[in-house]
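Work through the exercises below with the sequence and the 3D structure in view. Each task is followed by a solution in steps.

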Amino acid sequence: MAVDVAHEVASFLSTARRTLDLAQYDFHLLEDTAAIVAGAIKDAAARGVAVRMIYDVGHRNPIPVPPPPEPDVELISSLGVPHRPIAGVPDLMHHKYVVRDGETVWTGSTNWTDDSWSRQENVVVIVESPKLATAFTANFDELWARADVEQSGFVDPDPVRVGDIRVRAWFTPGFGEALSRRIAKHIRRAKRRVRICSPVLTVAPVLSALCERISDGLDIAGCLDRPQIEGVIYQWGEDGNAAWKLPLLKQALEAPFSAKPSTPYGAGTVHDFMHAKITVVDDVVFAGSFNLSRSGEQNAENVLEIEDAGIAERLAGFIDEVRARYPRFTPG
């Protein structure tokens with residue numbers, strides 16, 4: 001399966017004619033998949049495509065759940081293209097996107113690792129839109145020029161039309177808090193349903209909105225990652241400054257949320273987290289790299305807000321499929 005995804009990535013890269021900008025939080029592949037993807041990047045550079053790559057390194061804050069990965073710098077260096085590490089200080093460079101020829105964007109929740117491609121639930125979104133690609137390029141240029149997470153994410157989330165579909169690109173940390181409020185506003189105004197996949201569910205505006213709508217009887221459900229959400233609950237119990245959110249979380253999880261009993265993070269363990277990051281509210285989708293957490297607001301992240309009934313239905317169905325795989329989660 002990972003090899004199949006590697007071929008999809010290579011196919012996307014292989015049609016580049018002018019430029020490729022790659023922002024990858026984690027780029028760490030085994031021999032077979034590395035040969036496919038690295039080969040596509042090297043081939044692009046060899047035919048004159050201007051390739052740039054940024055990736056996350058280091059983290060000075062208290063270790064998040066799970067800890068940040070170590071990208072394969074040797075593999076990245078072997079590509080022979082300009083590349084730049086972005087220090088995860090004070091927060092992560094958490095993007096997983098590619099901009100091709102200033103026209104097409106590949107984004108979503110999927111890191112470029114074998115575990116991401118074979119063991120995790122993830123989503124990839126590909127959009128052909130020069131206007132949207134311009135926004136992602138502007139975000140890439142912020143990080144390329146400054147190599148500073150805190151000074152990125154200030155590209156305005158202006159709506160663009162992709163055919164008949166209205167799309168906004170949100171970037172953090174510049175618009176992190178505004179994005180959380182935007183998702184919460186949609187939840188408060190929902191008429192039919194809310195579906196959520198997120199490893200954790202801890203950002204206060206969204207928790208508050210969910211609690212309000214649960215009391216109204218709105219159809220709300222989703223899936224989390226069990227070790228990660230349990231780790232957050234434990235941390236909140238130990239940290240008096242965050243304990244005030246525990247009652248909100250417990251009330252929000254009165255809705256039918258399941259949780260994947262993934263392998264707890266450890267050296268040498270598989271990374272089989274529930275990793276998809278999607279919120280569907282009626283006919284609006286929020287999908288990208290953004291966990292519904294305070295850390296998500298502060299990291300360098302991106303989210304596409306997509307207004308389309310068909311896409312919303314498809315992703316709501318995906319979320320229901322994922323949550324049906326795992327047991328209901330009730331915080332202790």
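**Exercise 1: a pocket**

The second largest pocket has a volume of about 430 Å³. The model is predicted: local features need pLDDT of at least 70 and side-chain atom pairs count only at pLDDT 80 or more, while totals for chains, interfaces and linings use all residues. Residues are numbered from 1 along each chain as its sequence is written, and side-chain values use heavy atoms, with hydrogens and water left out.

Task: state which residues are closest to the centre of the second largest pocket, and describe its lining.

Solution. 
1. On a 1 Å grid over the protein atoms alone, a pocket is an open set of points with protein on both sides within 12 Å along at least five of seven lines; a cavity is a set where a 1.4 Å probe fits but cannot get out; lining residues have an atom within 4 Å of a point. Grid points are joined across faces, edges and corners, and a volume is the space filled by probe spheres set on the points.
2. The lining has 14 residues, and Val-124, Val-125, Ile-311, Arg-314 and Leu-315 are the closest to the centre.
3. At least two lining residues come from each of strand S8 (124-128), strand S10 (165-172) and helix H11 (309-324). Helices (H or I, at least four residues) and strands (E, at least two) are DSSP runs, numbered from the N terminus.
4. By class, the lining of this second largest pocket has twelve nonpolar residues, one polar and one charged. Ala, Val, Leu, Ile, Met, Phe, Trp, Tyr, Cys and Pro count as nonpolar, Asp, Glu, Lys and Arg as charged, and the others, Gly among them, as polar.

**Exercise 2: a cavity**

Task: which element gives the most residues to the lining of the largest cavity?

Solution. 
1. One cavity of 30 Å³ or more is found in the whole structure. The largest cavity holds about 60 Å³ of space.
2. Its lining includes Ile-183, Cys-197, Lys-277, Phe-286 and Val-303.
3. S14 and S15 are the elements that give two or more residues to this lining. S15 gives the most, with three residues.
4. The lining of the largest cavity has eight nonpolar, three polar and one charged residues.

**Exercise 3: two helices**

Task: how are helix H1 (residues 2-14) and helix H2 (residues 31-46) arranged?

Solution. 
1. The axes of H1 and H2 come within 9 Å and cross at roughly 0°. Axes are lines fitted to C-alpha atoms, for helices over the stretch in contact, and angles run from 0 to 180 degrees between N-to-C directions.
2. H1 and H2 are therefore roughly parallel, a term for angles under 35 degrees.
3. The contact of H1 with H2 has ten nonpolar, two polar and one charged residues.

Terms used: Angles under 35 degrees count as roughly parallel, over 145 as roughly antiparallel, 65 to 115 as roughly perpendicular and the rest as oblique.
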